Amino acid sequence: MVSGSDFAFTVTVNSGNFLLDGQTKPAITLYRGFTYTFDVSDSSNNGHPLRFKDGDDTSYTTGVTATGTAGNAGATVTLVVASDAPSVLKYYCTVHGHGMGNTIAVSYTHLTLPT
């Protein structure tokens with residue numbers, strides 16, 4: 001499996017919803033072994049800390065690093081998806097709950113590497 005690859009989402013907030021790269025609270029798929037950075041520096045994120053929960057609504061912190069404060073320059077939330085991550089996660093606002101976010105399907109990469 002390919003690892004160490006980085007992907008980024010630009011996060012903004014509009015009408016009480018997270019937008020990822022301009023799409024209103026999309027359901028997304030992330031792949032085990034990859035690193036995803038959620039740029040939450042846009043001022044619209046002020047007061048809306050983005051975090052993750054598992055399918056049982058338990059806070060999910062494995063591989064999660066929050067840097068800075070949402071809505072301020074340089075603020076990010078990074079998720080390194082572990083090989084044993086649950087198959088379903090959720091992104092949400094710790095202040096306003098699940099209504100701002102959506103589900104994350106966690107999968108193995110679909111890439112086939114040469115042997």
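## Surface and overall dimensions

The accessible surface of the protein comes to about 5900 Å², of which 49% belongs to carbon and sulfur atoms; areas follow the Shrake-Rupley method with a 1.4 Å probe, and for residues only the protein chains shown count as cover. This is a predicted model, in which local features need pLDDT of at least 70 and side-chain atom pairs count only at pLDDT 80 or more, while totals for chains, interfaces and linings use all residues. Residues are numbered from 1 along each chain as its sequence is written, and side-chain values use heavy atoms, with hydrogens and water left out.

Along its principal axes, the C-alpha trace spans about 45 × 30 × 25 Å. Of the 115 residues, 38% count as buried, a class defined by a relative accessible area under 20%, with exposed meaning over 50% and partly exposed in between (1.4 Å probe, protein chains only).

## Strands and the open sheet

The protein has zero helices and ten strands, these being DSSP runs numbered from the N terminus (helices H or I, at least four residues; strands E, at least two). Six strands form an open sheet of mixed pairing in the order 3-2-1-5-8-7, two strands being paired if DSSP finds at least two bridges between them. At its edges lie strand 3 (23–24) and strand 7 (64–67), each of which pairs on one side only.

Within this sheet, strand 1 (residues 6–14) runs parallel to strand 5 (residues 35–39), and the two are joined by five bridges; D6 stands opposite T35 in strand 5.

## Two residues and their surroundings

T76 is found in strand 8 (residues 76–80) and, because its relative accessible area is 19%, is classed as buried. Leaving aside neighbours within four places in sequence, T76 is in contact (heavy atoms within 4.5 Å) with T37, F38, D39, V40, T65, A66 and T67.

A105 lies in strand 10 (residues 97–107) and counts as partly exposed at 35% relative accessibility. Not counting residues up to four places away in sequence, A105 touches I28, T29, L30 and S87. Between A105 and L89, 16 residues apart in sequence, the C-alpha to C-alpha distance is 6.5 Å.
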